[in-house]
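Dear colleague,

Please find below the structure that I am handing over to you. My notes on what was found in it follow directly after it.

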Amino acid sequence: MDDPTTVSNQRNQSAPETPRLNLPARMSDSSVYLENLPSRTMHINRLINSNYNGSPSRTIYSDRFIPSRSGSNFALFDISNSPTSAEGKEDGSGTYNSLLRAALFGPYTPDKKDSLGSPACRNIFRYKTETKRSLHSLSPFGLDESVPGIIHSPVKAPRKVPRSPYKVLDAPALQDDFYLNLVDWSSNNVLAVGLGNCVYLWNACSSKVTKLCDLGIDDSVCSVGWAQRGTHLAVGTSNGKVQIWDASCCRRIRTMEGHRLRVGALAWSSSLLSSGSRDKSILQRDIRVQDDFASKLSGHKSEVCGLKWSYDNRELASGGNDNKLFVWNQHSTQPVLKYCDHTAAVKAIAWSPHLHGLLASGGGTADRCIRFWNTTTNAHLSCMDTGSQVCNLVWSKNVNELVSTHGYSQNQIIVWRYPTMSKLATLTGHTYRVLYLAISPDGQTIVTGAGDETLRFWNVFPSPKSQNTDSEIGASSLGRTTIR
């Protein structure tokens, strides 16, 4: 019978030696390998297998901490933060790889100056970056504009309003009277100006000046107003009459009476003309009929100095020297709305072209406020103290902004953004009260007149299509000429 020791040694010499385990004496290698190896192998595979899903009722925690790489500077150690793998190359989509790379590693600028003392290198080993992020950083793709396929909306820069007029016209004998309205701009791009007892027309396209009429030494011009369409111009006189002129042929069509005192305010609504007078009344005139006026509106206790029809021609707003603002409809002879919050004369009136029923009004020297009203709900919306007499208001039809002109004590022109009423620009140049204001038919340019006998043209509003497009009027060269 063979020796067991000898047999064992021969077996070990003939077979390659395998690693042995340090086991207790009562356990053999064969029992461990035969009994435990399959189960241990399955357990390890289940733990590391990526397709293995644990029980939904169990929460698996990991002791591995993955730091944020958004603040890391990989270029410092010549480490690429954009790994290229075989899978990425096989994908064939450069856009997808770029998006994924930007989302995982953040924007990378290799041309940045890297130094150990710079803030960019200081957080190379930090798990949390302290860099302040904007709201755009909430996007999973960050702000890397080099990533193809991503269109970033540009940040809109604040619009710049030129602080100087592009044209100045001398207007001799332009009266310094708060209650008159001597400047208006037609839909055909012709400016009408009342100077003393004459009315002059200035063509904004050709800069040609035409004398329309001369009222004589016993009369003077108190107001001018263009019809909404066409070439008809209404002229209010100091004798209480209203003349209708056809500016295309410089011919007077008719003269209408009815007022006892000067006519300082005019407003058109299609073929209907409203006139306000120092006799405290408002006359509604239909120029198609023979009668001088169709109805008389009574309510103001002092001179009517402001008149404006709404854009839908349904409501007429009137302001007076009695500090009152009234709203009338097409058929009323008494005001349907009365606003008594102003503490000085209300000449400045403007309807919003953007919101139905939104009305703005401005008070005189003792008031200095611009107030906003909702005539649909009969509500007082807001009030802005401008610090000086409010002479005129006009709303932009291109953007939700408005312009106010002022008298005592600063004689300034202010461009406002509504509804925040933040100032976009404050324009100065007039040395007297800025009593007159009109807007060009394209809605980009305003003209202002003052007792300093000048008319100044300003580009204040953008065009409807582009904020950088110059208007036809604004294309005129800077210069100073005389309107007559």
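The count of salt bridges comes to ten, where a salt bridge is a side-chain nitrogen of Lys or Arg within 4 Å of a carboxyl oxygen of Asp or Glu. Side chains of opposite charge can pair when their charged atoms come close. This is a predicted model, in which local features need pLDDT of at least 70 and side-chain atom pairs count only at pLDDT 80 or more, while totals for chains, interfaces and linings use all residues. Residues are numbered from 1 along each chain as its sequence is written, and side-chain values use heavy atoms, with hydrogens and water left out.

One of the salt bridges joins D177 and R262, whose closest N and O atoms are 3.1 Å apart. This pair links distant parts of the chain, 85 residues apart: D177 is in the loop between β1 (167–170) and β2, and R262 is in the loop between β9 (251–256) and β10 (263–269). The strands named here are DSSP runs (E, at least two residues), as are the helices (H or I, at least four residues), and they are numbered from the N terminus. Both D177 and R262 are buried; buried means under 20% relative accessible area, exposed means over 50%, and partly exposed lies in between (1.4 Å probe, protein chains only).

A further salt bridge is formed by E257 and K241, at 3.8 Å from N to O. E257 lies in the loop between β9 and β10 and K241 in the loop between β7 and β8 (242–246), so this pair ties together parts that are 16 residues apart in sequence. E257 counts as partly exposed because its relative accessibility is 42%, and K241 counts as partly exposed because its value is 34%.

Buried or exposed: which describes D286, and which describes R288? These two side chains meet in a salt bridge at 3.0 Å, N to O. D286 has 15% relative accessibility and therefore counts as buried, whereas R288, at 65%, counts as exposed.

Leaving out residues up to four places away in sequence, F457 touches residues including W185, L191, W202 and I446; contact means heavy atoms within 4.5 Å.

Apart from neighbours within four places in sequence, the contacts of L273 include A234, V242, M256 and W268.

Some points of backbone geometry follow. The peptide bond from Y408 to S409 is cis, with omega near 10°, and S409 is found in the loop between β23 (401–406) and β24 (413–417). Another cis peptide bond joins Y418 and P419, with omega about 10°; P419 is in the loop between β24 and β25 (422–427). S207 is a residue other than glycine with a positive phi, near 60°, and its place is in the loop between β4 and β5.

Finally, here is the chain as a whole. The protein chain has six helices and 29 strands. Of its 484 residues, 44% count as buried. Among contacts with a separation of 6 or more, 49% come from residues 24 or more positions apart.

Yours sincerely,
A colleague
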